[in-house]
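User: I've got a two-chain model to go through before I set anything up. Could you take me through the strands, helices and contacts one question at a time?

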Amino acid sequence: MKKISSKKSVFTKRPLALALVSTLFLSSGAALAEPMLMIPLTNNADMSRYDTNYIELGGFYSSKDAGKFGEWTGVTKKGTYGIGHLNFADRNDQTASYYNLLGRNLGLDSRQVSGNFGTQGKYGLSAEVAQIKHLTSDTTRFIFEGAGGNALTLPAGFAGVPGQPPASADVISGALQPHDIRQKRDIYKIGGNVFFGGTMEALVNYRYDDRGGTGLTGGAMGNTGGNPRSVLMPLPLNDHTQQIEAKLRWNTDKAQLEGMYYFSKYSNNVDSLTWQNPYNAIAGWVPDSGFPTGHGRMGLMPDNLYHQFQLSGGYNFTPITRLTGVASYGMMRQNDAFLPYAVDTNGIAFNTELPRKSLDGKVDNTLLDLKLTTRFFDKLNVKASYGYNNVNNKTPTDLYSYIAGDTTDQVVIPPGTAPNDVNSVRLRYNKAPSRVQNKFRLDTSYSLAAGYSVRGYYNYKKTDYKPSIDEPRDYTEDNIFGLELRKRASAWATGSLKYEYQQRRGSDYDSRRPYEAGYTDGTTTAGLFDVLPTMRPFLVADYDQSKVKTMLFVTPADALTFSLTGDWYQRDYKGPGCGGPNDQLLQPGNVMDNRCVGRQRGIGQSYTIDGQWSPLDGLSAYAFYTWSQFKTDQNGRSYTNTGPTAADPTRDWTASLDNRGNTIGVGARYVPEERNFDIGVQYVWNSDKSPVDTWAGPGLVAPTAMPDAKYRTDYVQLYGSYMLNEKLKLRFSAAYAHLRGSDWKYDNTTASSTNSVILPEQVTARYNDYLLGLSIAYIF
Amino acid sequence: MQSFFSFFRLFACTAAFFALPVLAQPVIPGVLSSEKAAVSAPAAVSAPAPTASPAEEPGIECATCHKEQFDNMAVSRHGASGDARTPWGKAGKEGRNEMCTACHGKADEHMEDPIEKKPETSFNKKTKAEDKNKPCASCHVGGNRMHWSGSPHESSRTACSDCHKVHIKKDPVLVMETQPGVCFTCHKDVRSHTMRVSSHPLRSGQMGCTSCHQPHGTVGDSLLIKNTVNETCYTCHADKRGPFLWEHPPARDECTNCHQPHGTNNAPMLQVRTPYLCQQCHMAVQHPSAVYSGNNLPPNAAGDKILAQGCPNCHVKIHGSNHPSGVRFMR
């Protein structure tokens, strides 16, 4: 292969002309080139695609429809695909000028062209255009017309669903129309930097993301109280995001400073999605909200804006003592006009105006971080840091008289009565959660003899929830202690063993607070509650956690490297204690016991054995195996009223959610010296299983076993290249990709499988695909 | 076909961008790359002898034995003699370019006895990470490296050369598709996670580890490119930023409360399957507190809270709602 640096000028027109011609050819839909469908999984990648000037054209054939296999690349259907790759680069050592143009997967739906040019130490400009397609599902079917738009209608002749889909299977199935859930994202980036003198640098980067397509959403009509009905439907996506990052840097050996301004603006071209209600009106709905006159309308993501100012700096007091710091102030803003409480065509009685026309949402984020690092006696490294983060939500709070899913009349506030005194769960205050975190870290390490070192660290974090009246706790405190023993590489081995203990505690837990902050006084005094008082959400619950991490790299011979790594942790949630006075919000005579509900335990572990072997010059091989698990255990209590059943321990239940994965990778590559070919093979096997085990007390219907959700993938690829002459390189690739899945989320479901949700008939992803590709690279 | 036209438009923009330097500077006069090519071209292609005097450029002497490394360095950023900041451009003590010695230090003894004596700084496994990092840190101290000191990678004694390769023409860790292979050398659990059925497009090369992480040190816990988890996620998912009228506290707190961004078996990259994930915080009267099991699967018709998206079959605006009636995230 010829080197990137040729005798030609860096800025001759020829490569650009070739790039233009080749890309136009590819853009016209020609079928070309080998795909890059799987990244290298180890650190021995073939870099010739990036360090050689070439244009590669070819084609490959996919034998089967395989939506999941090509979910991010666009190789989703049986057929021929064209791909081109190109790389042009040159640099001049005397002027330090350079340019680089890289094109990847140009014939696929997901592709990228990027490049840059400039003069090192003086200026640089860069640009990138990327298109990313994502297929979420190509098996979905919906009852609506107008998929992708902001108004979904039912087909002519559709008869309403009388509340219970199983009884209306014919009505639903006759209306179903296929619509793939897929999104596209076009990304444009441009940036530049310029140096001033020897110490100053200014950088500006701009990024524009344009997103389109459809997602999956659900349109619910009705609300709590046993009357909601929903239908899954395509969600229109049509938005764009602009980001600008401007930096000014000043660097000297002694001190460094960087000022940054970051701007991000999200703009949604669709403010809402309206759909025709397929359900006939049922008890609790105003009559016109049912089929055929009824509609639902949901708000889509509102436009928002973010500004951030940041100053970072570093100062070397001595060669071994350094202070670094960051001060940042960010402002999130959102002020999109509110939609009305409900559509005005359902015959709903509106009784209360909106308290404001838009939210005027404001969240300011202040961050300060200081870190000092130094060394004593040449062996003791000490690092101390302090961090402060204030998330200050300045969004105004008001009372909203919400309408349940476009189907109910708005609550009537009697004349002369303060809204806060009205007893109605449909009167709600919005909340503006804020918090302040203070963090302190101390980290020391000491170098012992024979390459050993020992490290100990302590982290403290206190989180104050403000205003605390919205939160069940005033504050939580996390303490982390860690100890690590590390052996630096000897001639053949290096390794480390780390143990960490983490504990969270905090102030008293008052389960009434979030409820009282969100509802009117008239409602809370009625003795209801929103969440079982003995719930301890894992976000703020106490816990103890132990963590062990170990790593061992062994090199018994120059050609052979083994590694063993292991991570394990267990987190036990500890409450705080349940059943106290703050948990007793029930009707008289019913006492909550001390059994907490919510997440009780989390276990995560991962173990890998990995080997790399280079028995001959030009021959390298690798193999690895990883076993991993993430498991949580949780408690629940099934209750149907806020009195006797809520306090009934015979209605307790537990669930254990497990995720276990096995991954095997094997690969080899032979690049013989002085020969004109290379060949490689890689195989990846992944098997995941997610069992769910449930138990319930005698007061409940006994749960039955869930089938394990299982996915198994195989991917094997044989690839290689042959130099036809100095300029032409032939590449080939043959691959087999296989996925076998079974998932109770989708298996055996039809659109009318459930009582109150019309499903999209999504099928568990499976594929069995052969791919064969041939391409030729012109090297220059 | 529309996408091809759209891509054509994209390419036209890019082509125009790259045409700028060509039009502005069609051909840089004089020989630009030839001197370097004389050193860098492999012997099999063309290899005029080095033209510089060894006495003037000490690196040339190194090329006698370390030709491949030297050649590759010569065509890299570090080999740009026109940039005074590089080893090739730096003026050494005697006014010479430092070249190899800029990083490897003095090598006089090594050249006299190449087998037994090593240069002042060797980048082998026996050398301490901090010693290996010194030459790099002597130049790369500001910008993205400003917070290296005290960072998790520095604390775990990671050397720059553990991830970066400067003696090859293209450093794999700086290329998006090959970067994960480098990071997987240590982060093997993440390699396994990316093979899960629901993951970011890392496996197919549309994202790299540095799309989210800044491995040289940041103020956050997980070496993210922004100060917090959410700020990092919002760089691509700005629609989730809000603020919203009805906030969902775990979403406002940290996206990873519910999501595992490296990949899981539970679409969309959820830590735990719905409805159980939701029930780890929500235990309200009636259906939110019910126990879900095989009883809720077909042919039984009670799967509305468990099949497909689970709770978000109805509570779709789970990242926050700005609809006045969206208090339960259904609008």
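**Strands, helices and contacts**

User: Which residue is the bridge partner of A:L380 in β21(A)?
Analyst: Strands here are DSSP runs of E with at least two residues, helices are runs of H or I with at least four, and both are numbered from the N terminus. Two strands pair if DSSP finds at least two bridges between them, and β18(A) and β21 (residues 434-447) of chain A pair antiparallel over 12 bridges. In β21(A), the partner of A:L380 is A:Y446.

User: Before we go on, what kind of model is this?
Analyst: Residues are numbered from 1 along each chain as its sequence is written, while chains are lettered from A and ligands numbered from 1 in the order in which they are written. Local features need pLDDT of at least 70, side-chain atom pairs count only at pLDDT 80 or more, and totals for chains, interfaces and linings use all residues, since this is a predicted model.

User: How many residues does the hairpin from β32(A) to β33(A) run through?
Analyst: β32 (residues 709-723) of chain A is antiparallel to β30 (residues 677-690) over 14 bridges, with A:V684 partnered by A:Y715. β32(A) is also joined to β33 (residues 728-742) by 14 bridges, again antiparallel, and there A:T713 stands opposite A:L739. The hairpin that links β32(A) to β33(A) goes through 4 residues.

User: Is A:D567 buried, partly exposed or exposed?
Analyst: A:D567 sits in strand β26 (residues 560-575) of chain A. The call rests on C-beta atoms placed from the backbone: a residue is buried if 20 or more others lie within 10 Å of its own, exposed if 12 or fewer, and partly exposed in between. A:D567 has 18 C-beta neighbours inside 10 Å, so it counts as partly exposed.

User: Which chain B residue does A:D567 touch?
Analyst: Contact means that the C-beta atoms of two residues, placed from the backbone, lie within 7 Å. Leaving out residues up to four places away in sequence, A:D567 touches A:K549, A:Q605 and A:S606, and from chain B, B:D189.

User: How many charged residues are on the side of chain A that touches chain B?
Analyst: 179 residues of chain A are in contact with 135 residues of chain B. Ala, Val, Leu, Ile, Met, Phe, Trp, Tyr, Cys and Pro count as nonpolar, Asp, Glu, Lys and Arg as charged, and the others, Gly among them, as polar. On the chain A side that gives 73 nonpolar, 74 polar and, as charged, 32.

User: What percentage of chain A counts as buried?
Analyst: Chain A has 5 helices and 35 strands, and its C-alpha trace spans about 90 × 75 × 55 Å along its principal axes. Among its contacts between residues at least 6 apart in sequence, 69% join residues at least 24 apart. Of its 780 residues, the buried share is 43%.

User: And what percentage of chain B counts as buried?
Analyst: Chain B has 14 helices and 0 strands. Residues 24 or more positions apart make up 45% of its contacts with a separation of 6 or more. Of its 331 residues, the buried share is 53%.

User: Which helices do the buried residues of α7(B) pack against?
Analyst: In α7 (residues 129-137) of chain B, the residues B:K132, B:N133 and B:P135 are buried. They cover an arc of only 150° around the axis (directions from the helix axis to the C-beta atoms), which puts them on the same side of α7(B). The buried residues of α7(B) pack against α5 (101-104) and α9 (160-163) of chain B.

User: How many Å separate the centres of domain 1 and domain 2 of chain B?
Analyst: Domain bounds come from an automatic or database domain assignment. For chain B this gives domain 1 (71-81 + 96-106 + 128-169) and domain 2 (242-331). Taken over C-alpha atoms, their centres are separated by 47 Å.
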